[in-house]
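Biologist: Could you take me through one part of this model in detail, namely the place where the ligand is held? I would like a careful account of what surrounds it and where those surroundings come from.

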Amino acid sequence: MTQLTGQPILVLPEGAQRLLGRDAQRSNIAVAKAIANAIRSTLGPKGMDKMLVDDLGDVVITNDGAAILNEMSVEHPAGKMMVEVARTQDEEVGDGTTTAVVIAGELLKNAEDLLEKKIHPSIVIRGYDMAAAKCLEALEEKAEKVEFSDDKLLRQMAFVAMTGKGSGRAGGHFSEIAVKAVKQVADHADGKVSIDSDYIKLEKKQGGDLVDTSLISGVVIDKERVHPGMPKLTKNARIALLDSALEVKSTETDSAIQITSPDQLQAFLAQEENMLKEMVNEVVNSGANVFFCQKGIDDMAQHFLAKAGVVAVRRVKKSDMEKLARATGANVVTNIHDLSKDDLGKAGVVEERKIAGEDMIFVEECKDPKAVTILVRGGTEHVVDEAERALVDAIGVVSSALEDEKYVIGGGCIEVELALDLQDYAKTVGGREQLAISAFANALEVIPRTLAESAGMDSIDTLVELRAKHEKGKRDLGVDVMAAKTAGMSGLHVFEPAKIKKQAITSASEVAEMILRIDDIIASSGSGKAAPEMPPGGMGGMGGMPGMM
Ligand code: ADP
Ligand code: MG
């Protein structure tokens, strides 16, 4: 036996690697900074795109921070935390992902300088925490009210969210669609607006032009009629929804039916036919002329439905059934014998149309539908995909603006304003925390700096000018990236929902603080190779990405 001294003994598995103290922090910060650096150049309307190739050779071209991080297989744990920031931002507000990650990277970079100066991480963390809280307070003060009826402002915000995202000249058209779609599905309760963007269905169909993208007040289903004898067009549709099969159930257990004579077989088949006929009669008698079924529809039943002039669609996705219910006001029925007139939904038109060579069912002209569809069109697959991402951002922005009812001025304005406030605040705090708060303020300025860089401007000169003029009260001066100069952002309509900035600052500071709190990394020997969710090989090499840019 070895002698046990007073030393605690940490037993590590064989081959495990361990980094301690400053080494651990250095390693984590380096990775986080590398991730931030990798997507930094995509910020803003003049941001560059990234081309990502996965191990199957599929190509994604995008400017969207969340999409980029999603496609990169980041293996380092601190890197994963950064990816998480982007994901949270995307889920919570749908935009501002690059902003959040870039600020987080900058917070860590500035923290590193403080650590070099022998300031303890816990002081940096405390300072950052105070700064973040102060920042949110200041944001609340500086933000202005968004009125539900202010379509112009909402469209401007949608437009800003999409600029540089490949929507190009369709930007105006897209912002109009995004605002209409969000307002259409918005729920109002107790003077509050809530939006479930799941009820805005984005249906992509390659072909046509971006400006052919259209908003359908109803649902588009990527299916066709089950029977060519059914009408292609039904006006004044009365719609039945069934989430079980329109079939005679086969026996669950293995049972054999003894048929000894042709008569018996005849009777047996006739009975099955009768049952199906009865089921179809339930649909017809309810008054329905359109029938959506989540499961299968028996061939015989299809024939009866066609004969009765009812349009039927089978194997409709559950999520589409929910949207159909919301859009048409129908109830989804499980037992066909329970179907009644009151369960039916309504639509002005149900029509099967050929879009880019494929049949789709349009359920449209619904009255005040609480679910809508955007049919996204574009020349190539990549264009359609990027257009979809642009629309998702726009929908997120309009939803955030309506729910939170606040907006701020973008183009680096709000960040400069917040940084100035924080510098003032830092002076009142004093002590070593003051340095951390001041570092936090400087980190926010990475946004105007990066915007200036993307426009080919001198980032330091620009920042100095912005600071000086903001201090003199020019509160809407920002970076006009298109003209490569500083300019009033209100005139250029660069507005953004306050919620995007709140969320970005919150999650950036949280992840920075979390990474700073770590002073010990213990990695088991297999962790580099066998992260289960990662495809073998592929882009996994990006785990150690610093050299990537
Ligand atoms: P994120 O993923 O963070 O939303 P974006 O690439 O969408 O990143 O860039 C957003 C930033 O670009 C915001 O700071 C926004 O204010 C700024 N921005 C957008 N449009 C303009 C514009 N026309 N002029 C200046 N800045 C703009
Ligand atoms: Mg954006």
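Modeller: A pocket is here an open set of grid points, on a 1 Å grid over the protein atoms alone, with protein on both sides within 12 Å along at least five of seven lines, and a molecule sits in a pocket if more than half of its atoms lie within 2 Å of the grid points. By that criterion, ligand 1 sits in the largest pocket of this predicted model.

The shell around ligand 1 consists of 22 residues, and the closest are D95, T98, T99, G411 and E496. By residue class, the shell divides into eight nonpolar, 10 polar and four charged residues.

Some of the contacts can be given atom by atom. In the side chain of D95, an N or O atom is 2.8 Å from an oxygen atom of ligand 1, while for T99 the corresponding distance, again from a side-chain N or O atom to an oxygen atom of the ligand, is 2.5 Å. At G96 the backbone takes part instead, with a polar atom 3.0 Å from an oxygen atom of ligand 1. On its own, ligand 1 has 570 Å² of accessible area, and the protein covers 95% of that.

As for the secondary structure behind this shell, α4 (97–116) and α14 (446–454) each supply at least two residues, and α4 gives the most, with three residues.

On the level of domains, the assignment gives domain 1 (18–145 + 409–523), domain 2 (147–215 + 370–404) and domain 3 (218–251 + 273–368). The shell around ligand 1 draws at least three residues from domain 1 and at least three from domain 2.

Methods: Residues numbered from 1 in each chain as written. Chains lettered and ligands numbered in written order. Predicted model: local features only at pLDDT ≥ 70, side-chain atom pairs only at ≥ 80, totals over all residues. Heavy atoms only, no water. Near = heavy atom within 4 Å. Polar contact = N/O pair within 3.5 Å; in protein donor to acceptor, adjacent residues only side chain to side chain. Areas by Shrake-Rupley, 256 points an atom, 1.4 Å probe, with all protein chains shown as cover. 1 Å grid on protein atoms, 1.4 Å probe; cavity = no way out; pocket = protein on both sides within 12 Å on 5 of 7 lines; lining within 4 Å. Helix = DSSP H or I, 4+ residues; strand = E, 2+ residues; numbered from the N terminus. Nonpolar A, V, L, I, M, F, W, Y, C, P; charged D, E, K, R; others polar. Domains from an automatic or database assignment.
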